[in-house]
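Dear colleague,

I am passing on the structure below, and after it I set out what was found. Please read the notes with the model open beside them.

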Amino acid sequence: MPGRRIGGVIEVVANLHMHTPYSDGEWYHADIAAAAQRTGVEVIVVTDHNVLVGGIDGYIGRTLVLTGEEVHDPLRHPQANHCLVYGTSEELALLAPQPQALIDAVNARGGMAFLAHPFEVASPISMDAIAIPWDDWRVKRFRGIELWNCMSDFKASLRNWPLAVFYAFFPSWAIRGPFGQTVRKWDELLASGQKVVAIGNADGHGTPYHLGPITRPVLAYEYLFRCVNTHVLLPKPFSGNVAADRKMFFEAVGEGRCFVGYDRPASTRGFSFTAKSGAAVATMGETLVRGGATQFRIEAPAPAQLRLLRDGKVIARQTGRVLQWMDTAPGVYRAEASRFYRWANRPWIFTNPIYVR
Ligand SMILES: [Zn+2]
Ligand SMILES: [Zn+2]
């Protein structure tokens, strides 16, 4: 069974956004699951557009394959408000034109809604690469946002044809991290007192790109699984019982016991962010009630530039593998790490916050 023990929790690597031929992807579940297994991704959640495909959930090889859905209104122009739905067993795509009604229906059925690629930048050279942002920011009660969508990140770099040809062969040069607007929006939502879980995904389609005479499956599923994933901290290993494992997995994601990691600069497995105050301890996604000062500890599996943020502002930085910090203030604390890669300091890890009261 998947899983690796770090500090009393089991870390599983998951990807929660991808497509099959049931919507606009190229590969079926079994092939995507095999690609996941080759890359060390242990859980995949397949999210076809406006169809909740039944009868899929289960283990394929060692990969736990779960089904979600990416709901959007195909009649809306310009396109916006793509919503990732997890943990429901009912088709809710008819509610796509009313995002709040959709989110409420998802919650009423015990599921959770995440705003997909909330900011996007169009590529001026490709008709396919239009921007599909989240538009309706009046919505409430969604569980989280897709902080880092690897496909969106890549598309935004296709500024002209020579660059696009270069990136088709060397995509990792085009991957720059979540959009600044997305990170700022996340901090703004957190500051408003909402608990908003951040996830990072592939949005894999396996689509071949046509660049003049060149046809290449740029960003194949397997390539993307080696890029941006969500690392989920489970209280115990998976049992092999699909219903129980599914429940435990979605509960951990929903609580925000996870971080977003980009694995090309270095493996992100084993990253930890914890806080201690008096007898209380907490990790990502958890609330810590202070008993005096709080001791924070960030530990990375490889040397990096580590940052601790409180309410969206950097309060401590350290280059190396460990950052320790003592603080007395309440707030929303989260950790970030970046590494020098492809001639730039590139985002590597974003944790979900520890909520200190
Ligand atoms: Zn989408
Ligand atoms: Zn998608």
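Strand 5 (residues 63–71) pairs with strand 6 in the antiparallel sense over 3 bridges, where strands are DSSP runs of E of at least two residues and helices are runs of H or I of at least four, numbered from the N terminus, and where pairing requires at least two DSSP bridges. This is a predicted model, in which local features need pLDDT of at least 70, side-chain atom pairs count only at pLDDT 80 or more, and totals for chains, interfaces and linings use all residues. Residues are numbered from 1 along each chain as its sequence is written, while chains are lettered from A and ligands numbered from 1 in the order in which they are written.

Strand 6 also pairs with strand 7 (residues 112–115), again in the antiparallel sense, over 4 bridges. Cys 83 stands opposite Val 71 and has Leu 115 as its bridge partner in strand 7. Cys 83 and Val 85 on one side of strand 6, and Leu 84 and Tyr 86 on the other, are all buried (20 or more other C-beta atoms within 10 Å of the residue's own, with C-beta atoms placed from the backbone).

In helix 1 (residues 29–39), the buried residues are His 29, Ile 32, Ala 33, Ala 35 and Ala 36. Seen down the helix axis, these residues fall within an arc of 160°, so they line one face of helix 1; the arc is that of the directions from the axis to the C-beta atoms.

The domain assignment, which is automatic or from a database, gives domain 1 (5–262) and domain 2 (272–356).

Best wishes

Technical notes: A residue is buried if 20 or more other C-beta atoms lie within 10 Å of its own, exposed if 12 or fewer, and partly exposed in between; C-beta atoms are placed from the backbone.
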